[in-house]
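Dear colleague,

Please find below the structure that I am handing over to you.

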Amino acid sequence: MIKEKGILFVLSGPSGVGKGTVRKALFEQSTNLQYSISVTTRKPRPGEVDGVDYFFREKEEVEKMIENGKLIEWAEYVNNYYGTPRDYVEQTIEEGKDVFLEIEVQGAMQVRENFPEGVFIFLIPPSLEELKNRIINRGTETEDLVKNRLLAAKEEIEMMDAYDYVVVNDEIENAVNKVQSIVQSEHCKRERVAKEYKKALERD
Ligand code: 5GP
């Protein structure tokens with residue numbers, strides 16, 4: 001039996017592109033991916049649950065985690081901290097399970113530095129206009145926040161080059177299927193499979 005390490009998948013993309021929606025739809029399907037719950041200083045939105053959607057924490061607590069190296073990446077985004085807890089990601093990969101992160105682009109680039117063998121997926125909107133409508137229609141942000149998010153989004157789109165895959169979020173179902181296909185393909189990659197086979201053969 002070949003014991004593979006898990007693969008780290010990172011879904012990122014501009015603000016409002018629908019990363020969260022794609023991620024939720026993905027996890028409603030049967031999947032072997034393990035979702036890494038982030039910590040944030042943002043207040044919960046209606047319906048969000050601590051320990052399910054995020055670990056909602058105070059600023060001081062998150063700053064301490066950053067200082068102590070407890071996060072594999074973190075970003076300050078629209079005046080709040082967001083970060084990925086290190087222990088969960090490292091342990092789960094060691095156990096041979098795939099980990100899935102859904103994070104903004106600054107954080108994704110930090111992960112890329114620390115986990116170059118990870119798989120980086122960039123989700124893009126069909127058009128910037130549509131992105132604008134989606135942000136406005138969400139209706140949970142003030143006008144200033146919408147402007148900030150749009151500005152961030154324009155800069156983020158230029159970052160596509162740093163990713164392995166690009167998925168257009170035209171229809172949720174399409175996008176989810178594409179992400180699932182990427183996961184499958186990555187497991188069939190020769191480099192990954194060959195490395196594990198060789199290791200197994202050396203053991204015998
Ligand atoms: P929201 O406040 O809408 O839940 O998330 C805002 C942005 O933060 C989204 O783009 C989301 O993907 C991103 N995000 C969520 N968790 C993390 C994290 O742990 N690290 C980073 N860098 N971004 C995150």
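**Strands and sheets**

Over four bridges, strand β1 (residues 8–12) pairs with strand β7 (residues 99–102) in the parallel sense. Strands here are DSSP runs of E with at least two residues, numbered from the N terminus, and two strands pair if DSSP finds at least two bridges between them. Within this pair, V10 stands opposite L101 in β7.

This is a predicted model, in which local features need pLDDT of at least 70 and side-chain atom pairs count only at pLDDT 80 or more, while totals for chains, interfaces and linings use all residues. Residues are numbered from 1 along each chain as its sequence is written, and side-chain values use heavy atoms, with hydrogens and water left out.

Strands β1 and β7 belong to an open sheet of five strands, with parallel pairing and the order β2-β7-β1-β8-β9. At its edges are β2 (34–35) and β9 (165–168), each of which pairs on one side only.

An open sheet of four strands has mixed pairing and the order β4-β3-β6-β5. Its edge strands, β4 (55–56) and β5, each pair on one side only. Strand β3 (residues 39–40) pairs with β6 in the antiparallel sense over two bridges, and T40 stands opposite Y82 in β6.

**The ligand and its surroundings**

The ligand sits in the largest pocket. A pocket is found on a 1 Å grid over the protein atoms alone, as an open set of points where a 1.4 Å probe fits, with protein on both sides within 12 Å along at least five of seven lines; a molecule sits in it if more than half of its atoms lie within 2 Å of its grid points.

Of the 16 residues around the ligand (a heavy atom within 4 Å), those that come nearest are S38, R42, Y54, Y82 and E104. By class, this shell has seven charged, five nonpolar and four polar residues. Strands β5 (71–77) and β6 (80–85) each supply at least two residues of the shell.

A polar side-chain atom of R42 lies 2.5 Å from an oxygen atom of the ligand. For Y82, a side-chain N or O atom is 2.5 Å from a ligand oxygen atom, and for E102 the distance is 2.7 Å.

Yours sincerely

Definitions and conventions: A polar contact is a pair of N or O atoms within 3.5 Å; within protein, one must be able to donate a hydrogen and the other to accept it, and residues adjacent in sequence count only if both atoms are side-chain atoms. On a 1 Å grid over the protein atoms alone, a cavity is a set of points where a 1.4 Å probe fits but cannot get out, and a pocket is an open set with protein on both sides within 12 Å along at least five of seven lines; lining residues have an atom within 4 Å of a point. Ala, Val, Leu, Ile, Met, Phe, Trp, Tyr, Cys and Pro count as nonpolar, Asp, Glu, Lys and Arg as charged, and the others, Gly among them, as polar.
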